[in-house]
Every structure is written in structure tokens, then in C-alpha cells.
Amino acid sequence: MLRVQLPALISKREAWNKGRIHGQKRQLLPKQVWAIRARLKLAIYPRDFALFNVAIDIKLRGFDLVKLNVSDLVKGDRVRERVLLVQGKSRKPLQFELTENT
């Protein structure tokens, strides 16, 4: 069988992540979490503030957090105390409680 040799492709630009640290990042310190909460609350972004609080409370992956709907957390005009959610990657059910701040 005849093998065809193709010319090597040379990239004309550098990769966007060249020289950056790859992989898992260090977790946020409690001081950093409170600083982010304070800035979001002062900046008057209620959606971002609520999403950040929910993310800290339930420790979901990012794509699970983005798929979360208001109807998952609220029933009628009241916020649910306990929420049952199925994780996207592992398909495991996750039950969590929301704190009063959230």
C-alpha cells in the first residue's frame, strides 16, 4: 500500500494558553469568597450575586450551575429549603439546602 506524505502544518500564531498554568486551580480562601460577595452586592448585580451564593452553597460544576433554572429553586413565591438535582457528568442525584443568605 502506498503512503502519501503530507507537508507539516505550521501554525502562524501562538496558542492562547501558551505559558499559562494548566489544570485545576487552587480553591478560594474564605477571605476571597467574602470579598467577591461584598463586591457583587455593592455593584447591584442581583443575578450574579445569587448565582455566586448558590455556587458556593451547593459546590456544583460550572455547567450544572448554568443549567439551573429559577423553577428548580423556587416553588410559587417561596424559595425551596431543599432542592434535589441530578448532576450532568456523573448522573448522580444531589440534594442540598439553601442558606438564608442565598
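Entry 1, terms for the pocket. On a 1 Å grid over the protein atoms alone, a pocket is an open set of points with protein on both sides within 12 Å along at least five of seven lines, where a 1.4 Å probe fits; lining residues have an atom within 4 Å of a point.

The model is predicted: local features need pLDDT of at least 70, side-chain atom pairs count only at pLDDT 80 or more, and totals for chains, interfaces and linings use all residues. Residues are numbered from 1 along each chain as its sequence is written, and side-chain values use heavy atoms, with hydrogens and water left out.

I found 15 lining residues, with Ala50, Leu51, Val54, Val70 and Leu73 nearest the centre. I then sorted the lining by element (helices are DSSP runs of H or I, at least four residues; strands are runs of E, at least two; both are numbered from the N terminus). Helices α2, α3 and α4 each supply at least two lining residues. The largest share, 4 residues, comes from α2.

I listed the buried residues (under 20% relative accessible area; exposed is over 50%, partly exposed in between, with a 1.4 Å probe and protein chains only). They are Phe52, Asn53, Val54, Asp57 and Ile58. These pack against α1 (30-42), α3 (62-67), α4 (70-73) and β4 (93-97). Contact here means heavy atoms within 4.5 Å. Just after α2, Lys59 takes a positive phi of about 55°.

A nonpolar core is a set of buried Ala, Val, Leu, Ile, Met, Phe, Trp, Tyr and Cys residues joined through side-chain atoms within 4.5 Å. The largest one has 10 residues, including Val54, Ile58, Val83, Leu85 and Phe96. The elements giving two or more residues to this core are α2 and β3. Leaving aside neighbours within four places in sequence, Ile58 is in contact with Leu68, Leu94 and Phe96.

Strands β3 and β4 run antiparallel, joined by 5 bridges; two strands pair if DSSP finds at least two bridges between them. Leu84 stands opposite Gln95, and Leu85 has Leu94 as its bridge partner. On β3, Val83 and Leu85 form the covered face, while Arg82, Leu84 and Val86 form the uncovered one.

Arg91 is exposed, at 63% relative accessible area. Lys89 sits in the loop between β3 (82-86) and β4. Lys89 is exposed too, at 62%. Not counting residues up to four places away in sequence, Lys89 touches Arg61 and Phe63. Lys89 and Arg47 are 42 residues apart in sequence and 25 Å apart in space, C-alpha to C-alpha.
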